[in-house]
Amino acid sequence: MKTTSRIAAAVAAIPLAALAFTACSSGAPAATEGADGELTTLKVATIGLTSDGALLTGIEQGFFEEEGLALETSVVANPPAGLAAVQSGQVDIAYSPSIPLLNALSQGVPVKVIGAADGYPEDAATAEDPAALDDTGLFAAAGSGVADVADLAGKTIAIPARKAQLEVVIAGELEKAGIDPASGVNWVVLDFTSAVAALKNGTVDVAGLVSPFTTEAAAAGATQISAPSVGFFERGATGLWTAGASIVEQKADAIAAFQRALVKTNAYATEHPEEAIQAGLDYTGSTLTLDEVKVPVWPAEVKTEDLELPNEKMVELGFLQKPVELDGVIVTG
């Protein structure tokens with residue numbers, strides 16, 4: 001699901017020249033048909049996660065072509081880079097989890113939300129087993145003495161980037177357990193492959209991971225002690241499709257067409273999850289099988305509260321100085 005999970009803190013710190021785009025799918029169509037009957041092309045930066053399968057399935061089903069669109073996709077696995085790309089116009093649309101988006105908005109980056117990419121069911125927070133819904137996880141190394149979040153005081157936690165999505169959601173869990181996220185633990189930055197290795201050899205006590213690294217950690221004997229993203233977001237859309245404010249204005253018809261096709265796409269993925277998941281696995285080159293993947297949720301819309309809740313929590317946890325102004329951020333079709 002989402003959210004993903006490969007996040008850094010600030011869009012402004014990413015030089016545009018450093019952006020790397022990996023072309024992955026440029027065949028199937030999607031955007032407003034011109035006077036000559038040709039399809040309008042929109043460049044879309046995906047995140048490179050299994051949940052991308054919904055978009056790919058929508059392309060395959062012809063939903064975007066029906067709206068006169070041709071989607072040209074690429075993978076930008078770093079959300080701040082994707083947000084920088086939509087701001088500059090290098091791409092028209094990019095995937096972003098809500099936390100990097102809020103960081104960008106807090107810095108005045110003119111980005112709009114145009115649709116839901118993935119998220120959690122409305123009853124996620126009260127689910128009997130939140131881990132069954134969460135493709136992120138907080139894993140404790142065997143022999144670390146950590147059985148739950150309350151045991152993390154003074155422990156070392158591996159995350160892929162500071163002040164980014166996994167640190168924020170894990171900080172929420174620490175706060176609930178009465179541990180100061182700023183001073184009560186030791187944060188270490190490691191990529192996911194290195195974090196799994198560090199769990200194996202005991203270099204770190206705990207690691208925040210995303211699928212498929214969660215599967216690797218469990219196979220190595222690590223124990224999942226928390227589903228931090230469900231605990232933080234609780235419900236609703238958390239992975240978002242975004243566009244620069246200038247693109248929304250300049251390509252209003254194409255963006256509206258994308259939104260209409262996206263509603264059909266997410267509904268189809270919800271009704272045919274195995275097809276969408278397999279498309280995502282193929283797209284990312286994953287070796288996971290269908291039964292190893294937690295079924296994503298593809299919401300029909302982004303609600304204001306989907307951004308308001310993490311906005312408030314980030315202020316409470318000290319990741320934002322003040323709430324981000326959200327008026328006009330979500331563009332409705």
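How do the residues of the lining of the second largest pocket divide into nonpolar, polar and charged? I began with that question, and the entries below follow what I looked up in this predicted model.

**Entry 1: the second largest pocket**

I counted the lining by class and found ten nonpolar residues, five polar ones and one charged one. The space in this second largest pocket comes to about 230 Å³. Of the 16 residues that line the pocket, Ile114, Gly115, Ala300, Glu301 and Val302 are the closest to its centre. I then looked up which elements contribute, and noted that strand 5 (111-120) and helix 10 (252-271) each supply at least two residues of this lining.

**Entry 2: the protein as a whole**

Stepping back, I found twelve helices and eleven strands in the protein. Of its 333 residues, 54% are buried. I also looked at contacts between residues at least 6 apart in sequence, and 81% of these join residues at least 24 apart.

**Entry 3: helix 10 and Asn266**

I returned to helix 10, which has 20 residues and reaches 29 Å from its first C-alpha to its last, close to the 28 Å expected at 1.5 Å a residue. Its buried residues include Ala254, Phe258, Leu262, Thr265 and Asn266.

Is Asn266 buried or exposed? Because its relative accessible area is 3%, below the 20% cut-off, Asn266 counts as buried. Leaving out residues up to four places away in sequence, I found that Asn266 touches Ala54, Ala116, Trp298 and Pro299. Asn266 and Ala116 lie 150 residues apart along the chain, yet their C-alpha atoms are separated by 8.4 Å.

**Entry 4: the cavities**

How many cavities of 30 Å³ or more are there? I count two. The largest cavity has a volume of about 50 Å³, and Asn266 is one of the residues that line it, together with others including Ser51, Asp52, Ala54, Tyr95, Trp241 and Leu262. Helix 1 (53-61), strand 5 and helix 10 each give at least two residues to this lining, which by class has six nonpolar, two polar and two charged residues.

The second largest cavity has a volume of about 30 Å³, and I listed its lining as Phe233, Arg235, Ala237, Thr238, Glu305, Asp306, Leu309 and Pro310. Strand 11 and helix 12 are the elements that give two or more residues to this lining, and helix 12 has the largest share, with four residues. Here the classes are four nonpolar, one polar and three charged.

**Entry 5: helix 12 and helix 4**

I followed helix 12 (residues 304-316) next, and its 13 residues reach 19 Å from the first C-alpha to the last, close to the 18 Å expected at 1.5 Å a residue. Asp306, Leu307, Leu309, Pro310, Asn311, Lys313 and Met314 are buried in this helix. Their cover includes helix 4 (98-106), strand 5, helix 5, helix 8 (228-233) and strand 11 (236-244).

Helix 4 is itself mostly covered, with eight of its nine residues buried; among them are Ser98, Ile99, Pro100 and Asn103. Just after helix 4, I noted that Gly108 takes a positive phi of about 85°, and just after helix 12, Gly318 takes a positive phi of about 90°.

The largest nonpolar core has 65 residues, of which Leu152, Ile157, Ile170, Leu174, Leu199 and Leu209 touch the most other members. Helix 5 (residues 165-176) gives the most to this core, with six residues. Not counting residues up to four places away in sequence, Leu174 touches Val149, Leu152, Ile157, Ile179, Pro181, Val185 and Trp187. I noted a second, separate core of 25 residues, which includes Leu49, Leu55, Phe64 and Ala117. Leu55 and Ala117 had already come up among the residues lining the largest cavity.

How values were computed
Residues are numbered from 1 along each chain as its sequence is written. This is a predicted model: local features need pLDDT of at least 70, side-chain atom pairs count only at pLDDT 80 or more; totals for chains, interfaces and linings use all residues. Side-chain values use heavy atoms; hydrogens and water are left out. On a 1 Å grid over the protein atoms alone, a cavity is a set of points where a 1.4 Å probe fits but cannot get out, and a pocket is an open set with protein on both sides within 12 Å along at least five of seven lines; lining residues have an atom within 4 Å of a point. Grid points are joined across faces, edges and corners, and a volume is the space filled by probe spheres set on the points. Ala, Val, Leu, Ile, Met, Phe, Trp, Tyr, Cys and Pro count as nonpolar, Asp, Glu, Lys and Arg as charged, and the others, Gly among them, as polar. A nonpolar core is a set of buried Ala, Val, Leu, Ile, Met, Phe, Trp, Tyr and Cys residues joined through side-chain atoms within 4.5 Å. Buried means under 20% relative accessible area, exposed over 50%, partly exposed in between (1.4 Å probe, protein chains only). Contact means heavy atoms within 4.5 Å. The expected span of a helix is 1.5 Å times one less than its number of residues.
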